[in-house]
Amino acid sequence: MEPPSQQQHQQHVVVCGGGVIGACTAYFLGKKGVRVTLVEKSAIACAASGKAGGFLALDMCDGSVLRGLARASFGLHQSLAEELDGESYGYRRIHALGLGIEEAKGAPGYLSKGHAKASVPAWVDGPVSGSAKPIGNPKTMAQVHPQLFTQAIFAKAVEKYGVSLVIGKVQEVKLAGNKVTGVVVDGEVIAADTVVVAMGPWSGENSLVSSLTSISGLKAHSIVVRPKQPDAISPYALFLTYRTKEGKVLDPEIYPRPRGEVYVCGMTEEVAVPDDPQQIIPRPEATAMLQRVAGTVSSVLAGAEIEVAQACFLPCSEDGVPVIGKIPNVDGAYVATGHSCWGILNAPATGASLAELIVDGVSTTVDLKPFDPLRFCIRASRSR
Ligand SMILES: Cc1cc2nc3c(=O)[nH]c(=O)nc-3n(C[C@H](O)[C@H](O)[C@H](O)COP(=O)(O)OP(=O)(O)OC[C@H]3O[C@@H](n4cnc5c(N)ncnc54)[C@H](O)[C@@H]3O)c2cc1C
């Protein structure tokens, strides 16, 4: 006779989407001993999770419903960095500053060496307007390379917890009555009793999600430049209020990375999300503007070679709050999306809490109530 543990049916969870949310969810489910298959249409971290800034903040979400999720995640990022060799994916503590920059009317004017404002790092020698606002220091701010982090945590999930990867497109979730029985991937059914939809801005393609709420995508651009003197750039994340000489106000961000490259992002626009993540093309004018921003802020970045020019979509929910939890009225169906501009930060606590909810019936890492998908049903019934 088989021992009792082998007689029990082993739960099989299919996680749909190999962005940072899917990868972290797979990792924490695997850690709890669950059998997990992750299905990704293209490649791990091929979309926003590979193209984001990777900025992490302990307290920038304080005062919003994200406070608990962000604080728990910031701590988990630190412990994951110890477990997964954070240096390999660019984890480090940093400073962050808010800065006003005003383009000069003529040629870019840099301060001469040694004359940078006392409140800003020496490499920021462009036209700073007003005083710099400290946002945080290495006690409260950190960064990762988001693609390398997502790939590292998923690789650990595979190696240590036996999580499987299937490359294919999730077409639908199979139900028997109101119970999940499998997931259809490129026409083939993968049997499963639990499914997690974590397909970022594509999550609304799943009918269980779209019947509940709408998920959209906001396009944003980024470039990665490699300055000739990377050692001149100290670890400061810059949040800019940037006025062009034509009078336009932009809000780009600049993140130097430990291996010498510098990431610059911004230039959002509302356009349709293409079906294939590989078809997300940056607009040349947006790329040029980000390069102009970099060269205006710092003479070290002026003329730096663009290594990567890219675009991706922030996953946005109807009410601006992530959607994390059980899909109402369907046994075994869960969703985790809508993390907008904080998905890299908030992925670890999302994955850990969702794994607890799925396996233990209750999440203890973070109270998931504010993110419960049930809120959309309650609102719909109130408005009737
Ligand atoms: C320019 C920019 C900068 C950012 N900077 C930061 C930052 O500094 N800090 C921070 O915390 N956050 C940042 N973010 C936000 C962060 O990138 C996102 O919140 C996060 O990456 C979302 O992760 P995700 O897993 O939900 O979605 P995605 O990364 O979009 O992943 C979804 C995955 O699902 C797959 N998929 C889609 N449809 C299917 C299907 N039918 N079948 C199988 N797979 C499918 C896709 O191929 C994709 O791999 C930034 C975002 C942008 C755009």
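1. Buried means under 20% relative accessible area, exposed over 50%, and partly exposed in between, with a 1.4 Å probe and protein chains only. By that cut-off Ile44 is buried, with a relative accessible area of 13%. Ile44 is found in the loop between strand E2 (35–40) and helix H3 (48–51). Helices (H or I, at least four residues) and strands (E, at least two) are DSSP runs, numbered from the N terminus. From C-alpha to C-alpha, Ile44 and Thr181 are 25 Å apart in space and 137 residues apart in sequence.

2. On the basis of the values: this is a predicted model, in which local features need pLDDT of at least 70, side-chain atom pairs count only at pLDDT 80 or more, and totals for chains, interfaces and linings use all residues. Residues are numbered from 1 along each chain as its sequence is written, and side-chain values use heavy atoms, with hydrogens and water left out.

3. Strands E9, E10 and E11 make an open sheet of 3 strands, in the order E9-E10-E11, with antiparallel pairing. Strand E9 (170–176) and strand E11 (188–191) stand at the edges, each with a single partner strand, so one side of each has no neighbour in the sheet. From one strand to the next the twist averages 35°; the axes are lines fitted to C-alpha atoms, for helices over the stretch in contact, and angles run from 0 to 180 degrees between N-to-C directions. Two strands are taken as paired if DSSP finds at least two bridges between them.

4. E9 and E10 pair in the antiparallel sense over 6 bridges, and the bridge partner of Val170 in E10 is Val185. The two strands form a hairpin with 2 residues between them, and Gly177 in the turn has a positive phi of about 65°.

5. The pairing of strand E10 (residues 179–185) with E11 is also antiparallel, over 4 bridges. Gly182 has Ala191 of E11 as its bridge partner, and Val184 stands opposite Val189 in E11. E10 and E11 form a hairpin with 2 residues between them; in this turn Asp186 has a positive phi of about 45°. E10 is largely enclosed by the rest of the structure, because 5 of its 7 residues are buried.

6. Strand E5 (residues 95–102) has 6 of its 8 residues buried, so it is largely enclosed by the rest of the structure. E5 pairs with strand E14 (residues 236–243) in the parallel sense over 8 bridges, and Gly98 stands opposite Phe239 in E14. E5 is also joined by 5 bridges to strand E6 (residues 128–136), and these two run antiparallel. In that pairing Gly100 stands opposite Ser129 in E6.

7. Helix H8 (residues 343–360) has 18 residues, which at 1.5 Å a residue should span 26 Å; the end C-alpha atoms are 24 Å apart, which agrees. The expected span is 1.5 Å times one less than the number of residues. H8 bends by about 25° at Ala349, where the bend is the angle between axes fitted to the seven residues ending there and the seven starting there. The helix is mostly covered, with 16 of its 18 residues buried. Gly361 follows H8 and has a positive phi, near 85°.

8. Most residues other than glycine have a negative phi. Asp85 is not a glycine, yet has a positive phi of about 65°. Asp85 lies in the loop between helix H4 (67–84) and strand E4 (92–93) and counts as partly exposed at 45% relative accessibility. Ser340 also has a positive phi, near 45°, in a residue other than glycine. The place of Ser340 is in the loop between strand E20 (333–337) and H8, and at 27% relative accessibility Ser340 counts as partly exposed.

9. Ser340 returns at the ligand: of the 37 residues around the ligand, Glu40, Ser49, Phe55, Ser340 and Leu345 come nearest. A residue is near a molecule or strand if one of its heavy atoms lies within 4 Å of it.

10. Polar contacts are pairs of N or O atoms within 3.5 Å. An N or O atom in the side chain of Ser49 is 2.5 Å from an oxygen atom of the ligand. Gly54 has a backbone N or O atom 3.0 Å from an oxygen atom of the ligand. A polar backbone atom of Val170 is 2.9 Å from a nitrogen atom of the ligand.

Notes:
A polar contact is a pair of N or O atoms within 3.5 Å; within protein, one must be able to donate a hydrogen and the other to accept it, and residues adjacent in sequence count only if both atoms are side-chain atoms.
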